[in-house]
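Welcome! Please take a moment with the sequence and the structure before reading on. This report then walks through the model part by part.

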Amino acid sequence: MSHHIVELKDVCYAYPDGTEALKGITFRILHGEAVGLVGTNGAGKTTLLLNLNGHLIPTKGEIAVGEVPLSKGTRQEIRRKVGFVFQRPDDQLFMPTVYEDVAFGPINLGLTEEKVEERVTKALEMVGCLHLRNRPPHRLSEGQKRSVAIATVMAMKPDILVMDEPGSNLDPKSRRQLINLLKGFRHTKIIASHDLDMILDVCERCIIIKDGKIVADGPSEELLLNETLLEENNLELPLSRQCRPVKRPS
Amino acid sequence: MTFDLEFFNLGYLDTLSNKDTLVHRIDPRIKIIVSFIFILFVVSFQKYEISSLMPFFLYPVFLLTAGDIPFKAIAKKVLFVSPFALFIGIFNPLLDTQIITSPLGIPVSGGWLSFLSIIIKFVLTVSTAILLIAVTSFPGICEALERMKFPKLFVIQLLFLYRYLFVLLDVALRMMRAREARSFGGRGKEIRTFIRLISVLLIRSVERAERIYRAMLSRGFRGEIRVLRSLRLRPFDIVFAAGSITMFYLLRNYDIVDLVGAALEGVLR
Amino acid sequence: MHMADALLSPAVGGAMWAGSLGTIIYCAKKLRDKMDERLIPLMGVLGAFIFAGQMINFTIPMTGSSGHIGGGMLLAILLGPYAAFLVIASVLTVQALFFADGGLLALGANIWNLGIYPCFIGYPLIYRFIVRPNASPPRITFAAILSVVFGLQLGALSVVLETVLSGITELPLNTFLMLMQPIHLAIGLIEGFATAGIVIYVRTLRPDIVDDLEGVKSLASGVSLKKVLVTMGILAVITGGAFSWFASTHPDGLEWAIERIYGKPELPEKQNPVKENLAKLQEKTAILPDYSLPSKAGKEGEEHAPSWPAVDPGTSLSGLVGGIMVLMLVVLFGIGIKIARKHKEQL
């Protein structure tokens with residue numbers, strides 16, 4: 001069933017000190033789409049994501065998630081649909097053990113103990129961290145923290161997965177594991193990242209943001225291989241597509 | 001102790017507390033209560049009683065050996081925190097010079113006896129405190145406190161503090177290293193720089209707290225945090241508690257040591 | 001200036017624990033009902049911040065030695081008295097467990113000494129009294145230094161009283177005070193200055209943290225001056241009254257009490273030169289000239305109960321030998337357990 005699940009109409013946001021971070025953002029995302037959000041630091045990616053989750057409310061324009069318009073009153077409801085994975089896993093894992101962190105969401109949803117156990121087990125299995133359930137978070141590696149952070153969100157069975165820089169600070173293997181994990185999710189995905197190769201791999205569609213405005217919105221294969229477009233927006237080609245002379249042993 | 005050492009020490013005790021031995025498996029509530037009662041008995045000794053204190057070493061020794069805790073680590077920590085007690089205690093020999101006894105013909109003043117008593121009490125109480133955390137995980141202690149009716153807000157505070165302690169120590173460590181790298185021979189450690197450093201650390205901490213709060217909200221937080229309840233008293237725990245406390249009581253009120261000494265003397269004659 | 005278990009008596013230690021625990025319960029109750037939920041992560045992180053902050057040292061001007069901040073007043077300024085007290089208590093608890101700072105019994109005393117005075121006296125009665133919103137840096141500095149110094153002086157005084165009342169040390173009250181108070185005056189001046197510096201600097205970058213984390217402190221600073229003064233007044237009268245009754249009816253009031261509890265009297269004291277000098281010094285500086293605390297340079301001519309022949313200070317020969325024997329047995333016991341464990345592991 002294909003319907004718009006996320007809809008932004010002319011969204012503007014200005015911080016309390018006056019800085020305009022978003023200047024009229026409009027786009028629609030369909031059910032099941034994977035969309036990459038790309039742009040330099042300060043372009044407005046994080047602000048946009050925080051608006052999507054109701055942490056910030058647009059100063060102008062409208063956001064609707066699953067047909068529910070975003071407002072102070074509907075924030076909680078929308079947060080149930082949107083699973084937000086923050087930039088730093090340490091900020092998301094605040095309970096004494098992995099189990100309790102993953103259970104936090106389901107418990108707040110009001111589920112019974114058995115259901116909570118079920119959700120936690122499934123979520124941890126999904127990210128391959130079931131064996132870590134009794135570990136305290138400060139004893140996890142970066143990659144494990146990332147995975148568990150995703151599990152904490154998955155346990156709430158969100159419709160949409162929003163992720164802010166999921167691949168940063170990961171070693172190559174963990175990064176690859178993360179990419180495979182994301183590719184396996186059928187959820188609607190919105191991923192903000194500097195890792196253009198990851199976006200290319202995981203998201204079929206890509207939105208480029210500059211100075212709070214959308215400058216491009218289209219298939220990743222097109223946008224992310226368009227060198228001119230990327231350079232105009234202070235970006236570069238994905239590393240895997242950059243022609244690097246290979247030194248051949250003579 | 002330098003910053004680095006303190007940092008790793010914290011992690012080390014944390015690691016030790018996750019072992020799985022007989023002692024580790026005892027209910028944390030029992031360990032807390034027994035340790036506390038132990039300390040009360042130890043500090044109740046009068047100032048010139050030395051030998052009667054000796055059997056009390058049984059408790060920390062038991063925790064140490066049955067809990068598979070390396071002796072050196074505990075010894076180092078005890079040594080490290082001794083200055084204050086020693087500093088106060090050293091006045092005793094200076095002020096109390098009345099000769100109390102002369103074992104083997106060497107006169108010993110009351111002051112030295114009470115000083116020795118302070119040292120022994122110090123070693124007993126401090127080692128027990130460290131051993132307690134070495135054989136009990138911190139979350140275990142927190143849950144024990146909650147079950148013992150400590151206010152939940154305080155318990156949650158302890159858990160959050162513990163959780164973010166390592167994170168913040170890491171941040172502070174980096175800041176110190178950066179300061180180290182840019183200060184040559186002491187300049188840079190002035191109070192002005194310090195104030196800047198700490199202020200930045202404070203702001204970053206508050207920002208972190210704001211991000212955590214957002215993460216909590218994203219997962220439906222509405223003010224209640226549920227602490228996991230997994231503690232269950234076993235018969236062994238009760239036996240351990242009853243046995244230890246009885247033993248402490250007997251050792252405190254009956255002079256076993258004198259008996260042992262007299263028996264030994266009798267044998268040697 | 002953390003108290004240690006070895007210097008406390010069960011009575012004093014227990015009393016301090018009762019006080020601290022009561023205050024913890026009180027603060028938790030006060031916060032629970034009207035608390036902004038943002039406080040939960042904030043308190044936790046700030047506790048970790050204080051912990052980490054204490055590890056960063058700076059050189060003290062004019063002495064060359066290094067110091068670090070305590071942070072009690074800073075917490076009170078940032079979080080208000082109730083939340084700050086809980087945070088201080090939590091930091092001390094972790095320190096007591098992981099660093100053996102003092103001990104488990106002394107933890108009660110430490111929470112009291114380091115928490116009550118900044119949170120319920122220094123902050124509401126001094127700092128808030130002087131500092132208004134948008135106060136100038138000099139005003140903040142003055143308020144911070146005054147409140148920190150006051151809080152630390154009270155804290156140091158408490159340590160002295162706790163130690164002396166416990167009767168473990170021979171240090172006379174006055175000498176102890178003369179050691180502790182000046183040191184903590186100096187510490188207070190520096191910490192007050194540092195606290196002010198932090199508050200002022202943070203205010204330039206993020207005024208909302210200092211002036212009033214929206215909603216976070218509004219309920220928290222509801223400590224009314226009148227209530228506190230009245231409560232303290234009542235407490236002072238009660239303790240003063242109890243003390244002087246003891247002193248008047250039983251010249252060796254506390255000694256008498258201890259004798260009753262433990263059944264073993266103090267041994268007779270003989271004069272010695274050091275003690276004589278201290279006694280003279282004490283008379284000159286005596287604060288409570290008619291009152292003597294146990295195991296101190298007592299008044300001249302005091303009569304003590306004759307020592308019982310059956311008293312065992314653990315120093316007779318059999319006691320000594322027995323003590324060494326027992327110690328060896330304990331060590332053997334420990335080694336035995338270790339062997340038993342190794343054996344079990346190998347199976």
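## The two domains of chain B

Into which domains is chain B divided? Chain B splits into domain 1, made of residues 3-144 + 231-258, and domain 2, covering residues 151-218. Keep in mind as you explore that this is a predicted model.

The C-alpha centres of domain 1 of chain B and domain 2 of chain B are 33 Å apart. Where these domains touch, five residues of domain 1 of chain B are in contact with seven residues of domain 2 of chain B. On the domain 1 side of that meeting, α1 (3-16) and α9 of chain B each supply at least two residues. Helix α9(B) gives the most to this side, with three residues. Sorted by class, the domain 1 side that touches domain 2 of chain B has five nonpolar residues, no polar ones and no charged ones.

## Where chain B meets chain C

How many residues of chain B are in contact with chain C? There are 104 of them, and they are in contact with 93 residues of chain C. On the side of chain B that touches chain C, helix α11 (residues 191-218) of chain B gives the most, with 17 residues. By class, this side of chain B divides into 68 nonpolar, 21 polar and 15 charged residues.

## Chain C and its confidence

Chain C also has a domain assignment, which gives domain 1 (5-223) and domain 2 (313-347). The C-alpha centres of domain 1 of chain C and domain 2 of chain C lie 43 Å apart.

The mean pLDDT of chain C is 74, and 67% of its residues reach 70 or more. For the model as a whole, the scores are ipTM 0.91 and pTM 0.84.

## The overall build of chain A

Now turn to chain A. Chain A contains 10 helices and 10 strands. Its radius of gyration is 19 Å, close to the 18 Å that the globule rule gives for 250 residues, so chain A is as compact as a globular protein of that length. Along the principal axes, the C-alpha atoms of chain A fill a box of roughly 60 × 55 × 40 Å.

Of the 250 residues of chain A, 46% count as buried. Among contacts in chain A between residues at least 6 apart in sequence, 64% join residues at least 24 apart.

Most residues other than glycine have a negative phi. Which value of phi does D10(A) have? Although D10(A) is not a glycine, its phi is positive, at about 50°. You can find D10(A) in strand β1 (residues 4-14) of chain A. D10(A) counts as partly exposed because it has 13 C-beta neighbours inside 10 Å.

K149(B), likewise a residue other than glycine, has a positive phi near 75°. Where is K149(B) found? Look in the loop between α9 (138-147) and α10 (152-182) of chain B. K149(B) has 8 C-beta neighbours inside 10 Å, and therefore counts as exposed.

Definitions and conventions
Residues are numbered from 1 along each chain as its sequence is written. Chains are lettered from A and ligands numbered from 1 in the order in which they are written. This is a predicted model: local features need pLDDT of at least 70, side-chain atom pairs count only at pLDDT 80 or more; totals for chains, interfaces and linings use all residues. Helices (H or I, at least four residues) and strands (E, at least two) are DSSP runs, numbered from the N terminus. The radius of gyration is taken over C-alpha atoms; the globule rule is 2.2 Å times the number of residues to the power 0.38. A residue is buried if 20 or more other C-beta atoms lie within 10 Å of its own, exposed if 12 or fewer, and partly exposed in between; C-beta atoms are placed from the backbone. Two residues are in contact if their C-beta atoms, placed from the backbone, lie within 7 Å. Domain bounds come from an automatic or database domain assignment. Ala, Val, Leu, Ile, Met, Phe, Trp, Tyr, Cys and Pro count as nonpolar, Asp, Glu, Lys and Arg as charged, and the others, Gly among them, as polar. pLDDT is the predictor's confidence in each residue, from 0 to 100.
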